[in-house]
There are 2 protein chains.
Amino acid sequence: RKRILVTGGAGFVGSHLVDYLMKEGHEVIVVDNFFTGRKRNVEHWIGHGNFELIHHDIVNPLLIEVDEIYHLASPASPPHYMLNPVKTIKTNTVGTINMLGLARRVNARILIASTSEVYGDPEIHPQSESYWGHVNPIGPRACYDEGKRVAETLSYAYAKQEKVQVRVARIFNTYGPRMHMNDGRVVSNFILQALQNESITIYGHGKQTRSFQYVTDLVDGLVALMNSSYTLPINLGNPIEHNIDEFAQIIKSIVNGADSSIRYLPAVEDDPQRRRPDITRAKKYLNWEPKVSLDTGLRKAVEYFRREILRSS
Amino acid sequence: RKRILVTGGAGFVGSHLVDYLMKEGHEVIVVDNFFTGRKRNVEHWIGHGNFELIHHDIVNPLLIEVDEIYHLASPASPPHYMLNPVKTIKTNTVGTINMLGLARRVNARILIASTSEVYGDPEIHPQSESYWGHVNPIGPRACYDEGKRVAETLSYAYAKQEKVQVRVARIFNTYGPRMHMNDGRVVSNFILQALQNESITIYGHGKQTRSFQYVTDLVDGLVALMNSSYTLPINLGNPIEHNIDEFAQIIKSIVNGADSSIRYLPAVEDDPQRRRPDITRAKKYLNWEPKVSLDTGLRKAVEYFRREILRSS
Ligand SMILES: NC(=O)c1ccc[n+]([C@@H]2O[C@H](COP(=O)([O-])OP(=O)(O)OC[C@H]3O[C@@H](n4cnc5c(N)ncnc54)[C@H](O)[C@@H]3O)[C@@H](O)[C@H]2O)c1
Ligand SMILES: NC(=O)c1ccc[n+]([C@@H]2O[C@H](COP(=O)([O-])OP(=O)(O)OC[C@H]3O[C@@H](n4cnc5c(N)ncnc54)[C@H](O)[C@@H]3O)[C@@H](O)[C@H]2O)c1
Ligand SMILES: O=c1ccn([C@@H]2O[C@H](COP(=O)(O)OP(=O)(O)O)[C@@H](O)[C@H]2O)c(=O)[nH]1
Ligand SMILES: O=c1ccn([C@@H]2O[C@H](COP(=O)(O)OP(=O)(O)O)[C@@H](O)[C@H]2O)c(=O)[nH]1
Ligand SMILES: O=c1ccn([C@@H]2O[C@H](COP(=O)(O)OP(=O)(O)O)[C@@H](O)[C@H]2O)c(=O)[nH]1
Ligand SMILES: O=c1ccn([C@@H]2O[C@H](COP(=O)(O)OP(=O)(O)O)[C@@H](O)[C@H]2O)c(=O)[nH]1
């Protein structure tokens, strides 16, 4: 049994990770500033003897004693991270420095949640971990992309110089229950639009692609990575790729009785045109690959959205 | 007459900038932690009523009142910035945040010294400012390259969000008096080797290229950029390109009586293969281009090194 810190543990991915770790019998401490996270995501653990929830912003130093750190705190979707770009960068630079400093002091292993966005708008396809990426350092997404890139750089600098044990997960698009309804991302937008019979909004030509992974697959990958001896970055994502046009049709077919039309809107700036993980490394070193099909996963997400809509009305 | 802060003002470039600004009659405040800088570089101003030297590390907040900030503090050469990668990143992230926070509070215009290293090992040639770069986020140079990239990102985030007036100079290889004798860079190594009749060390095949700018040209460019209304990044460098083999011959011919042989050593990791600035933007918006020829500039640098060797013996 370990004492495990999950930063951003009240968020979408973090709360599923907390569920997993609690069920394994660990002591879990969540640190969150509730910028995009919600108490409700972890409310089923409040009062449990192994669980603690700390309201804290990681841009400030944190003094606690732990064995392991899953460092997930960061806004994650474009509308959230663009809301306050300065804060996004501070969280990923100063915040990550604090968590690495903590890991160093207490000699804890730390896993950093990086992202496929470090590859930017990729020129090679699919993306393997050796690809250096194609990121606009002063574009609208830069606060997140460059913030995460330098968070990786920091991690390996602490590993080399301070002997901190780091693990780096490059997470690709993930969906599932507890994802944000109004973060403007494609999965949430399309499901909401289909459920409410509004037209489905496609930005640009709809031929850009993404690969969507169900959240419990990701959690399995994060835990496998933390417990492995492999120290270089590892892609965690589902290699099954769809273009956005197809994806709109898939959602319509899953949401019973959806009658939405398709509406094409202007493309967004610097929108990556293709994205698919090469997961050879994860297969080889973690013996990991996604298990949940898009159909199964999306049905669970749709179910969650249905309940949330009911709840809020 | 303005009150001007120069961070890293006791360093190579900073001290030349200080000379220029002092001669223009401004009040100049230098902030430096003397990691690579030296009091001696600015000693001729100590005691002057317009000059102040503050021993301070910009990783800590700084409270002063100024009209303009030239933010140059950062280790700059590979052996210096690789000595303590964590500190290099902290200086470029936390340090830059502090200087942007200062600029914001006192409403000062701030110029950020960025670098051609944001282009990494470039795939397009010459490099124009619209190129996104090719940088290894976890390579040995990443602490500097990614640190500078995110420093740019931070600058534009503060510009957009906090209305800070920022200027960004992407500086290409620069040389001249007061450059570091033992920083392992090509100009200093070759001059020292030629002056001491040691063999000239070429890393790799010697066909990699660089373009070298004399330091007073750079200072003119920095001042022009600070005073212009142009807000996007601007390359400041000399577009005349040489490969390292040629460069070795040039140095040998300038150092009278040099009798050095050439010694080929293994290539260094992630060494950029070609680098030359496209300076169309600087010409158009700043009416700037380099004036000092390589021959004239190198003679001054060689003279400086000769005196320094005498002095230290
Ligand atoms: N969901 C995805 O598709 C995806 C893809 C790639 C990477 N990631 C990464 O995974 C991590 C989790 O993402 P998510 O989808 O769960 O997002 P989320 O927004 O649901 O969770 C992030 C959590 O971090 C918290 N947080 C943000 N800034 C903080 C700060 N300064 N101090 C303390 N807490 C702070 C938020 O309140 C939230 O609870 C993030 O680091 C994200 O970059 C997610
Ligand atoms: N010289 C070049 O060829 C070149 C090329 C590209 C960019 N640049 C940039 O220009 C700037 C100046 O470079 P330089 O060649 O004069 O290098 P330098 O090492 O001579 O000067 C840097 C100065 O910053 C100071 N410094 C470093 N970290 C500090 C900290 N945390 N707090 C306070 N002071 C600190 C050093 O003591 C030094 O005086 C740097 O930002 C560098 O990245 C230089
Ligand atoms: O238990 C700890 C230890 C360190 N830090 C912070 O982590 C950062 C980096 O720590 P490090 O040991 O690298 O550096 P230093 O304290 O020397 O700046 C510092 O700002 C600390 O405040 C923290 O939040 N908790
Ligand atoms: O209502 C929407 C939301 C998103 N997208 C597109 O879907 C893709 C995925 O966008 P998302 O914001 O979900 O994630 P990211 O770009 O970070 O992968 C991008 O090409 C978006 O332009 C879309 O067509 N309609
Ligand atoms: O005169 C100043 C004003 C701010 N800062 C530092 O600059 C950083 C960023 O300032 P900002 O105003 O963006 O943010 P905040 O103070 O809200 O973190 C902070 O850490 C401050 O300590 C500084 O060093 N000098
Ligand atoms: O003694 C030396 C020092 C450097 N170089 C090469 O010269 C180029 C410029 O190196 P420097 O460290 O001066 O600067 P940067 O790589 O940052 O441009 C690189 O290709 C180095 O491999 C070399 O051949 N011999």
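The questions below concern a predicted model, and they pass from the pairing of the chains to the ligands and the backbone.

Me: By what rotation is chain A superposed on chain B?
Reply: Two copies of a chain are related by a rotation about an axis and a shift along it. Here the shift along the axis is 0.0 Å, and the superposition has an RMSD of 0.0 Å. The rotation that brings chain A onto chain B is 180 degrees. The two copies are therefore related as by a two-fold rotation axis.

Me: What percentage of the interface residues of chain A are also interface residues in chain B?
Reply: In the contact between the chains, 33 residues of chain A meet 33 residues of chain B. The copies meet through the same surface, because the share of interface residues of chain A that are also interface residues in chain B is 100%.

Me: About how much area do chain A and chain B bury between them?
Reply: Of the area buried between the two chains, 70% is on carbon and sulfur atoms. The total for chain A and chain B is about 3000 Å².

Me: How far apart are the closest N and O atoms of B:Glu146 and A:Arg149?
Reply: Side chains of opposite charge can pair when their charged atoms come close. The interface of chain A and chain B holds two salt bridges. One of them joins B:Glu146 to A:Arg149, and a side-chain nitrogen must lie within 4 Å of a carboxyl oxygen for such a pair to count. The closest N and O atoms of this pair are separated by 2.7 Å.

Me: Which element gives the most residues to the side of chain A that touches chain B?
Reply: Across this interface there are 10 residue pairs in polar contact. Two elements of chain A, helix H3 (85–106) and helix H4 (142–162), each give two or more residues to the side that touches chain B. The largest contribution is 13 residues, and it comes from H4(A).

Me: Which helices of chain A does the pair A:Glu162 and A:Arg104 tie together?
Reply: A:Glu162 and A:Arg104 form a salt bridge, with their closest N and O atoms 3.4 Å apart. The pair ties together parts that are 58 residues apart in sequence, because A:Glu162 lies in helix H4 and A:Arg104 in helix H3 of chain A.

Me: Residues from which chains surround ligand 3?
Reply: The residues around ligand 3 include A:Leu62, A:Asn98, A:Arg104 and B:Lys90. A nitrogen atom of ligand 3 is 2.7 Å from a polar backbone atom of A:Leu62, and an oxygen atom of the ligand is 2.7 Å from a side-chain N or O atom of A:Arg104. The site is shared between chains, because the residues that surround ligand 3 come from chains A and B.

Me: Which residue has a side-chain N or O atom 2.7 Å from an oxygen atom of ligand 2?
Reply: Ligand 2 is surrounded by 30 residues, and B:Val13, B:Asp32, B:Thr36, B:Tyr144 and B:His180 are the closest. A backbone N or O atom of B:Ile58 lies 3.1 Å from a nitrogen atom of this ligand, and a polar side-chain atom of B:Lys148 lies 2.8 Å from an oxygen atom of ligand 2. The residue asked for, with its distance of 2.7 Å, is B:His180.

Me: How many residues surround ligand 6?
Reply: An oxygen atom of ligand 6 is 2.7 Å from a side-chain N or O atom of B:Arg210. A polar side-chain atom of B:Asp271 also lies 2.7 Å from an oxygen atom of ligand 6. B:Arg210 and B:Asp271 are among the closest residues to the ligand, and the number that surround ligand 6 is 17.

Me: Is the peptide bond from A:His125 to A:Pro126 cis or trans?
Reply: Most peptide bonds are trans. A:Pro126 is found in the loop between strand E5 (109–115) and H4 of chain A. The bond from A:His125 to A:Pro126 has omega near -10 degrees and is cis.

Me: What value is phi of B:Lys163 near?
Reply: Most residues other than glycine have a negative phi. B:Lys163 is in the loop between H4 and strand E6 (166–171) of chain B. Phi of B:Lys163 is positive, with a value near 60 degrees.

Notes
Residues numbered from 1 in each chain as written. Chains lettered and ligands numbered in written order. Predicted model: local features only at pLDDT ≥ 70, side-chain atom pairs only at ≥ 80, totals over all residues. Heavy atoms only, no water. Least-squares fit on C-alpha atoms with pLDDT ≥ 70 in both. Contact = heavy atoms within 4.5 Å. Buried area = accessible area lost by both parts, 1.4 Å probe. Polar contact = N/O pair within 3.5 Å; in protein donor to acceptor, adjacent residues only side chain to side chain. Helix = DSSP H or I, 4+ residues; strand = E, 2+ residues; numbered from the N terminus. Near = heavy atom within 4 Å.
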